[in-house]
Amino acid sequence: MDDDEQLMSRCIQIAGNSRGMVAPNPMVGALLVHQGRIIAEGVHRKFGGPHAEADCLLRAEGSPGAMIRSSTLYVNLEPCSHQGKTPPCADLILENGIPEVVIGTEDPFELVSGRGIRRLREGGVRVRSGILAGECRQLNIRFFTFHEKKRPYIILKWARSRDGFISRKDGSPVKLTHELADRVVHKWRSEESAILIGAGTLRSDQPRLTNRLWTGTSPVRVILGRKAESLKGSSLEGGGPPILFFNCEKSGRADGVEWIRVREGVSPLPQLMEALHFRGISSVLVEGGATLLGMILSEGCWDEARVITAPVWLEEGTREPQLKGSRMIREYDLGQDLVTEFAPA
């Protein structure tokens, strides 16, 4: 790994510290480097806060101006060139007289895509891009999927017995995973914008859909069902994160729930994805039952699957969904349980 790649790797590392805190914005880290030495680091810490470039330059304020004007800025994503919640980072770079910028990947957001690089070059800045591009893209795969596919990044998750069942024969839930796996699942929830289940899972499992066993913000709770069922008396009554209930009967807001009507007789998934994209939800963890998981898999609308295998034998029950046309990414132990991760082939 050469010097540029080592420095970009550091950008990726510090950017990842804001996972789950900046969506729908990307995770970005920035370094200011003078004669091979890092003199300041910055990171986009929370949605609406200063971007990584601004944070980095703020932390470099104690450095002599001549040093900043002879430094190179490293950033894993193209600096923005438009006025959003914060001023354009490209203009800030020009104002500080930074002569060279090294970028991991271009920004897929249509208001930036290539414009930030062009703005810098027109201002006389030397720009190099494509350093560890694959790693930089993977860091922000949710952000890229959101803008390129116009839908959230979809992660499927389920727990199964060793013989491939996810519930009892009568459909009632059964506790499969152990404490460590439970905590990791709540960590996963903290990293995504929303969590999705079907109305059947709500009725049978009565889940709370929060990350009680981990720190950070709980995701938006999304339910998909045909009827606009009341949530009174359910596990979701009594406040908490926002609730979006997709159904075939009504739209509107009531009792802290937004009801979103979808057309009956056609697949609800494209309508659900469009509505979530419109609301800025960039990623969804799906913890539904076999029906919802099977529908998503059959329509090919997924990006990852995380399957937890518990050391339990049920011998009969509801079979797990079939991951046809997939490839295994990795496998690892979580205490007594085993996690296997898949992606579309």
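The side chains of Glu264 and Arg226 meet in a salt bridge, with N to O at 3.4 Å. A salt bridge here is a side-chain nitrogen of Lys or Arg within 4 Å of a carboxyl oxygen of Asp or Glu. Glu264 lies in the loop between β12 (257-261) and α10 (269-278), and Arg226 lies in the loop between β9 (220-224) and β10 (243-247), so the pair ties together parts that are 38 residues apart in sequence. Helices (H or I, at least four residues) and strands (E, at least two) are DSSP runs, numbered from the N terminus. Glu264 is exposed, at 52% relative accessible area. Arg226 is partly exposed, at 47%. Buried means under 20% relative accessible area, exposed means over 50%, and partly exposed lies in between (1.4 Å probe, protein chains only).

The structure is a predicted model, in which local features need pLDDT of at least 70 and side-chain atom pairs count only at pLDDT 80 or more, while totals for chains, interfaces and linings use all residues. Residues are numbered from 1 along each chain as its sequence is written, and side-chain values use heavy atoms, with hydrogens and water left out.

Side chains of opposite charge can pair when their charged atoms come close. By the salt-bridge rule, the count comes to 23. Salt bridges that share partners join Asp4, Glu100, Arg126 and Arg128 into one network.

Helix α8 (residues 179-191) holds both Glu179 and Arg183. These two residues form a salt bridge, and their closest N and O atoms are 3.5 Å apart. Glu179 and Arg183 are four residues apart, about one turn of the helix. Glu179 is exposed, at 55% relative accessibility. Arg183 is partly exposed, with a relative accessible area of 36%. Helix α8 also contains Lys187 and Glu191, again four residues apart and separated by about one helical turn. Their side chains meet in a salt bridge, at 2.6 Å from N to O. Lys187 is partly exposed, at 30% relative accessible area. Glu191, at 16%, counts as buried.

The sheet was examined next. Ten strands form an open sheet with mixed pairing, in the order β11-β12-β10-β9-β8-β13-β6-β14-β17-β16. Two strands pair if DSSP finds at least two bridges between them. β11 (252-254) and β16 (326-334) stand at the edges. Each has a single partner strand, so one side of each is left without a neighbour in the sheet. Neighbouring strands of this sheet are turned by 20° against each other on average, direction ignored. Axes are lines fitted to C-alpha atoms, for helices over the stretch in contact, and angles run from 0 to 180 degrees between N-to-C directions.

Tyr332 has Val339 of β17 as its bridge partner.

Helix α7 (residues 141-148) lies across β6 (153-160), β13 (283-286) and β14 (304-309). The helix runs at about 125° to β6. Thr145 lies in helix α7. At 6% relative accessibility, Thr145 counts as buried. A polar atom of the Thr145 side chain lies 2.8 Å from the backbone oxygen of Ile141. Leaving out residues up to four places away in sequence, Thr145 touches Lys150, Arg151, Pro152, Tyr153 and Asp303. Contact means heavy atoms within 4.5 Å.

The peptide bond from Ala23 to Pro24 is cis, with omega near 10°. Pro24 is found in the loop between α1 (3-15) and β1 (29-34). Gln206 is not a glycine, yet its phi is positive, near 50°. Gln206 lies in the loop between α9 (199-205) and β9. Gln206 is partly exposed, with a relative accessible area of 34%. Asp255 also is not a glycine and has a positive phi of about 55°. Asp255 is found in the loop between β11 and β12. With a relative accessible area of 69%, Asp255 is exposed.

Notes: A polar contact is a pair of N or O atoms within 3.5 Å; within protein, one must be able to donate a hydrogen and the other to accept it, and residues adjacent in sequence count only if both atoms are side-chain atoms.
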